[in-house]
2 protein chains.
Amino acid sequence: MSQPDPTADPDSPEGRGGAAAAVPAAPPGAGRAGLDRRRILGAAIEYIDAHGLNALTMRRLGAHLGVEAMALYRYVPGREQLLDGVVESVIDELYGDPDVHLAASRGWQDYLQRLAHGVRRIALAHPEVFPLVATRPPAAPWVRPPLRSLRWVESFLDALIDSGFTEEAAVAAYRAYSSFLLGHLLLEVSQKGVKISPLDQPEGVPDAAASTELGDYPTVVRLESLLSLDESAAEFEEALENLLGRLEVVLTESRTPRRGDPRS
Amino acid sequence: MSQPDPTADPDSPEGRGGAAAAVPAAPPGAGRAGLDRRRILGAAIEYIDAHGLNALTMRRLGAHLGVEAMALYRYVPGREQLLDGVVESVIDELYGDPDVHLAASRGWQDYLQRLAHGVRRIALAHPEVFPLVATRPPAAPWVRPPLRSLRWVESFLDALIDSGFTEEAAVAAYRAYSSFLLGHLLLEVSQKGVKISPLDQPEGVPDAAASTELGDYPTVVRLESLLSLDESAAEFEEALENLLGRLEVVLTESRTPRRGDPRS
DNA sequence: GCCCGCGCATTTACAGCGTAAACACTTGTG
DNA sequence: CACAAGTGTTTACGCTGTAAATGCGCGGGC
């Protein structure tokens, strides 16, 4: 019963212990009633996970915490900043993940692999929050979604530079890596959402209109089962490994400078 | 004066004629006053491009069109559907782009290249709208952002299958391609946004606090200029070519079946 | 014991939002 | 002229984010 399915997605919430909890449990000894920023952000994440982003209003979040909406304003400047805090909070789960390291102690590939899976775990644990992670404007050009934290940017660059990447190559790798992560995970959670949401289509003759409008797209119809197949985990792995391979080429090429490169 | 800078980004709005206009100009002969869905969607895109997504309200859009908010409801069921229409409208620009073909008449690589640049042109022309394109939930698992149209999915799959891809390979290519496009373009427009928005930081001593808080991240500080550099165009090209190369391998491998594959 | 401030939550209030419903007006048709 | 259809406006309601005033309980000086 507790033995997980060997074919299960190792990053999916059910496939792991409790490593991706929304909030790492308030400081031990904190009673029940006290309102504070940490508890508010945790409740907000919980609420979004449960009811979706649009359903989150200050009043409802207050009610969820057993408090009036205005009480929240003592700990959070406003709704926008609350959402910023939610994003930050969710990304902070990375620090609590024992499988993700801040330094490349076992090689840069291992480091990037663990980081990618850590972020993926977060995305899958909070599919309703992740689009927010992706679309909130970054504070500076160099802090990109989905990492969103200077500490991770620093760690990323250090890991690669320590492993022999030039500064330029490390920066290029950072950009390629973030855009890969963002694109893949955003599509993955949005695909996950679509499988659930067709419950708002309780029509009479269910597929009559749909089928006719699909008539013009025979290939889509024919490949529907292939297209609907969820191979996200395998595709993630493959794309990630391809990216790492590509970076490896960059690394070794930068170590053996090619013709036309003057001195050094 | 009209000669574009040879180093300019060919997909940037300034670098081209008028191929990426928001709306292909209402049917010729349509007077000025008449309200209709097309005009409303066009005005909405215009408004979002000018003032951002959050600033778009039914009342303000009505005012922008010289009309009361409620008048819009005769042509659009509600705000959500208006946004859906905006997304659809923006993506429809692809059909008007003479550089993007619906069939792979000059090879699948050419087809994918043109398609990618067409979508990139749209993203750059409407940076405020693009996150919407990326995050609106798709209607079905197989219609993914950023293409968002059955016709494009059909065209994509046909192009690849006609070029020799197996059905499985075509579907896999479709997924890899969409996630590449989405990730790269989303980061590109969000980076574009951050360069503009620091105008809401007219503080007294501008970088005093910022510098101190950056003190813990020496690598980020040292590489700041590299990190801020905008090489989106080149990186897009490189990542796209890498993806195409990867797909080419898939294609040729599927043509010469490997060991262990029974018959054929 | 008393009272005072002070930290926290509530109450009240307001402008703006999306949108349902009733209304007024224009226009083509008999 | 009457009428019907189509289009835009008015009015109204419940909900939103949030500024401002209000109430409340608790720990320390007198």
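Visitor: Which of the 14 residues around DNA strand C come nearest, and what makes a residue "near" a strand?
Guide: A:Glu68, A:Met70, B:Thr57, B:Met58 and B:Gly78 come nearest. A residue is called near because its C-beta atom, placed from the backbone, lies within 6 Å of the strand. Mind you, this is a predicted model: local features need pLDDT of at least 70, side-chain atom pairs count only at pLDDT 80 or more, and totals for chains, interfaces and linings use all residues. Residues are numbered from 1 along each chain as its sequence is written, while chains are lettered from A and ligands numbered from 1 in the order in which they are written.

Visitor: Which helix gives the most to the surface near DNA strand C, and what makes it a helix?
Guide: Helix α2 (residues 58-64) of chain B, with three residues. Helices here are DSSP runs of H or I with at least four residues, numbered from the N terminus.

Visitor: How is chain A divided into domains, and how do you know the bounds?
Guide: Domain 1 is 19-27 + 34-96 and domain 2 is 99-194 + 230-256; the bounds come from an automatic or database domain assignment. Their centres, taken over C-alpha atoms, are separated by 26 Å.

Visitor: How many residues of chain A are in contact with chain B, and why is that called contact?
Guide: 46 residues of chain A meet 46 residues of chain B. They count as in contact because C-beta atoms, placed from the backbone, lie within 7 Å. On the chain A side, α7(A) gives the most, with 18 residues.

How values were computed: Helices (H or I, at least four residues) and strands (E, at least two) are DSSP runs, numbered from the N terminus. Two residues are in contact if their C-beta atoms, placed from the backbone, lie within 7 Å.
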